[in-house]
Amino acid sequence: METVKLCWVQTCWMVLFLLTVFSTTSAHSEEIHDVGNKQERCHENSKWCSSSAKPVDSDDFYEALWKDNLDLAEQILKLPFLQHMQLGDLQADSYTTFMIQDIYYLAKVTDMLEMMSEKVKDSDLQKFMKGRYESYKRFRVQMLENFNLNGVTEIKVIKAMEDYLDEYQRVMEKEEPIMFAVSLLPCSRLWIWLANQLNIGYGNAYWTWKKNNMDGHPEKHFKDLLNKIVKAEDRQRAEEIFRKQMQNELNFFKASLQN
């Protein structure tokens, strides 16, 4: 009987340890973890720490993209994975699987950013791609070290993540370079928004996830770039790509916990 009690205690401590390690980091929303860009922290109860609460300027394409896709963001928020995080009863193994897929995403997008940084000719866009690549690369090293991984080649990728990355690859190969920046934006804006929407308090096992994902200012990287480079005749295409990536985010969260 004493042996059974001891094993149960050890198991509980192991689950708590895993939640602490996994919930302190999120590979997907690299914007928040840019080690070279410490940001001011928003109030816990604020909805989203940006100018999104203000009326959207008719010329502000960056904000219009987000506003026009809030319906998908709200659908994602209601998915079982995030709702169980909010309740604090999401199983540790489900979260672990989710994080492993997320690290795979980080590694692959980093490789694509490296290629894009070498491909683009426009000076503003090249600066953006190089900056994002360096930031993603630093964070990839950090995440692989945190999870004691040598790489991601042995990770079995779920279909939702495979489809998500296939869209990145397609945009990189078939679209204008600025559209790759557009395709990156959904994850940068969505995860901040989700963290601020979720009612997760300090006693919740996923409080650290909320705390570490609720800050960030993607507009510092994307806003001026998109508003300057995306031409009026290209906005419809950019809107289609942005929405496709938002849908891929929805599919990823949905696949992470089906019921």
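## Helix α4 and its buried side

In helix α4 (residues 80-87), the buried residues include Phe81, Leu82 and Met85; buried here means under 20% relative accessible area, with a 1.4 Å probe and protein chains only. They span an arc of only 90° around the axis, which places them on the same side of α4. That arc is taken from the directions running from the helix axis to the C-beta atoms. As background, an α-helix has 3.6 residues a turn, so residues three or four places apart point the same way.

The cover over the buried residues of α4 includes α3 (70-77), α5 (92-119), α8 (177-197), α9 (207-213) and α11 (235-256). Just after α4, Gly88 takes a positive phi of about 85°.

## About the model

This is a predicted model, in which local features need pLDDT of at least 70 and side-chain atom pairs count only at pLDDT 80 or more, while totals for chains, interfaces and linings use all residues. Residues are numbered from 1 along each chain as its sequence is written, and side-chain values use heavy atoms, leaving out hydrogens and water.

## The overall build

The protein has eleven helices and zero strands; these are DSSP runs numbered from the N terminus, with helices being H or I of at least four residues and strands E of at least two. Of its 259 residues, 48% are buried. Taking contacts (heavy atoms within 4.5 Å) between residues at least 6 apart in sequence, 84% join residues at least 24 apart.

## The nonpolar core

The largest nonpolar core holds 75 residues, and Phe180, Leu190, Leu226 and Phe253 touch the most other members. Helix α8 gives the largest share of this core, 13 residues. Such a core is a set of buried Ala, Val, Leu, Ile, Met, Phe, Trp, Tyr and Cys residues joined through side-chain atoms within 4.5 Å.

Not counting residues up to four places away in sequence, Phe253 touches Ile76, Leu79, Phe81, Leu82, Phe98, Leu190, Trp191 and Leu194.

## Where α8 meets α10

The axes of α8 and helix α10 (residues 219-229) come within 11 Å and cross at roughly 145°. Axes are lines fitted to C-alpha atoms, for helices over the stretch in contact, with angles from 0 to 180 degrees between N-to-C directions. On the α8 side, Ile178, Ala181, Val182, Leu184, Leu185 and Ser188 meet Phe222, Leu225, Leu226 and Ile229 of α10.

## Ser117 in α5

Ser117 sits in helix α5 and is buried, with a relative accessible area of 7%. Leaving aside neighbours within four places in sequence, Ser117 is in contact with Gln126, Met129 and Lys130.

Conventions. Buried < 20%, exposed > 50% of the residue type's maximum accessible area, 1.4 Å probe, protein only.
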